[in-house]
Amino acid sequence: MSTPGPRKRIHLAAHFPGVNSTTVWADPRSGSQIDFSSFAHLARTAERGLFDFFFLAEGLRLREHAGRIHDLDVVGRPESITVLNALAAVTDRLGLAATVNATFNEPYELARRLASLDHLSAGRAAWNVVTSSDAFTGENFRRGGYLDRADRYTRAAEFLATARELWDSWTPEGTPKPFAHSGPQFRIDGEFTVPRSPQGHPVVIQAGDSPEGCEFAPPAPTWFLPAGGPGVIPGKHSTRHSTPEAGREFYADVKGRLARHGRRPGDLKIMPGVTYVLGDTDADAREKADEIRRQQVSPQNAILALEQVWGRDLSGYDPDGPLPDVDPDPDSALVQGRVRVADPVGVARKWRALSEARGSRSGRPSSRPPAGSPSSAARRRSRRPWRSSSPRTPPTASSSSRTSLPAASTTSSTGSCPCSRSAGLPHGVHRHDAPVPPRAPRARTKGLREA
């Protein structure tokens, strides 16, 4: 009889949904993507659920589809750090992670904003470092263009190093020191105006799974959020991490890069994403999941999702018919402002094979997100056999609206967005009338770095 292994600690993060087909902002019960009460509700729910941090994505330009604003997106949303500063006042223990672009910002200004958030939250700030090689987004900035794909992580690496120099320019005793940085990307000198923050440096997160991103992750972040993962709702395009086997391979690859940067495997936690729909009972959750899925994959949304991969006008196709027989156009400009599918022709080939294997003519995804009561969801995730057998990658339990692939589980309260239908609240209790327990007196707690 085998002896069960030691219990692993699971890290959880809540992602506030934004601009993709897995969210259902069209449902009136989802509330507003601008209203502060929407953010406060999800953050407080995550804190009650003992989540480690609350994660906000970033959108620097409204996405377009066929020359028009993509009307299935959330059209407009607040700036991340501003929202998190406000959430610091209504939460006590939850980490607050902002996605901020290293391509279109400057080190001094951003280091100052992040250090301020770390002070106001008593040491709960985190920075998700992202880059952009998108000229369409660059048109919104004085830069007037964009960086070549090969240069974006070069700038990001120097940006992060420069920000750390600024944060370190104050001693732990509170004495400021002049700083001077001269490099290929930035040449600045002066004095940093914000004293050393409670964490010293905000926790660094990196999202994405391009080859450049994977190499950027080992020397810098504490948390790594790859795109996709086991359990992600079908309907977003497939990623190479959409199976446990691909996840294990990716996990071993990233962890295997750490040693040459002087880091141990446990120094970096990998947190892929998953979406759950929770209910009072398993049957209740399945009913909600079916309703959410019907809203996510409307006929209009199905065609638009295919167009994002094919790069072609598919409005003449039947959403319940077979997949297009024409191949995608990899050089298409039909969709602007979103990450391009790395291999659209390969994705189309996989989707056709999957459709044939299922004996279905339809290209519309038919599965629903994992659903169940909180207790059954916890049991299901703890049984997932994702642990890596590689001796160089000891299991580190993590998760979020993103989780640790081989060794952990993920729980995320997304679905019909901040509505209680996906946040695990009792049936009939919705966002604006959800009971919130009295806040306890504020106490200094562990930051993300110590979690």
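**Exercise 1. Which side chains meet Arg113 and Glu109 in a salt bridge, and where do these residues lie?**

Solution. In this predicted model, the side chains of Arg113 and Glu109 meet in a salt bridge, with 3.4 Å from N to O. Both residues belong to helix H3 (residues 107-120), where they are four residues apart, about one turn of the helix. An α-helix has 3.6 residues a turn, so residues three or four places apart point the same way. As for accessibility, Arg113 is partly exposed with a relative accessible area of 22%, and Glu109 is partly exposed at 36%. The pair also belongs to a network of salt bridges that links Glu79, Glu109 and Arg113.

**Exercise 2. Locate the salt bridge between Glu291 and Arg29 in the chain, and state which parts the pair ties together.**

Solution. Begin with the distance: the closest N and O atoms of Glu291 and Arg29 are 2.6 Å apart. A search of the whole structure finds nine salt bridges.

**Exercise 3. Determine whether Arg264 and Asp267, which form a salt bridge, are buried, partly exposed or exposed.**

Solution. The closest N and O atoms of Arg264 and Asp267 are 3.4 Å apart. Since exposed means over 50% relative accessible area, Arg264, at 61%, counts as exposed. Asp267, with a relative accessible area of 24%, is partly exposed.

**Exercise 4. Work out the strand order of the open sheet of three strands, and name its edge strands.**

Solution. The order is E4-E3-E13, and the pairing is antiparallel. Strand E4 (68-69) and strand E13 (335-336) are the edge strands, each of them pairing on one side only. Strand E3 (residues 64-65) is joined to E4 by two bridges, and His65 has Arg68 in E4 as its bridge partner.

**Exercise 5. Compare the span of helix H7 with the expected value, and list its buried residues.**

Solution. Helix H7 (residues 244-256) has 13 residues, and from its first C-alpha to its last it reaches 18 Å, close to the 18 Å expected at 1.5 Å a residue. Its buried residues are Ala246, Gly247, Phe250, Tyr251, Ala252, Val254 and Lys255. For the protein chain as a whole, 52% of the 451 residues count as buried.

Terms used: Residues are numbered from 1 along each chain as its sequence is written. This is a predicted model: local features need pLDDT of at least 70, side-chain atom pairs count only at pLDDT 80 or more; totals for chains, interfaces and linings use all residues. Side-chain values use heavy atoms; hydrogens and water are left out. Buried means under 20% relative accessible area, exposed over 50%, partly exposed in between (1.4 Å probe, protein chains only). The expected span of a helix is 1.5 Å times one less than its number of residues. Two strands pair if DSSP finds at least two bridges between them. A salt bridge is a side-chain nitrogen of Lys or Arg within 4 Å of a carboxyl oxygen of Asp or Glu.
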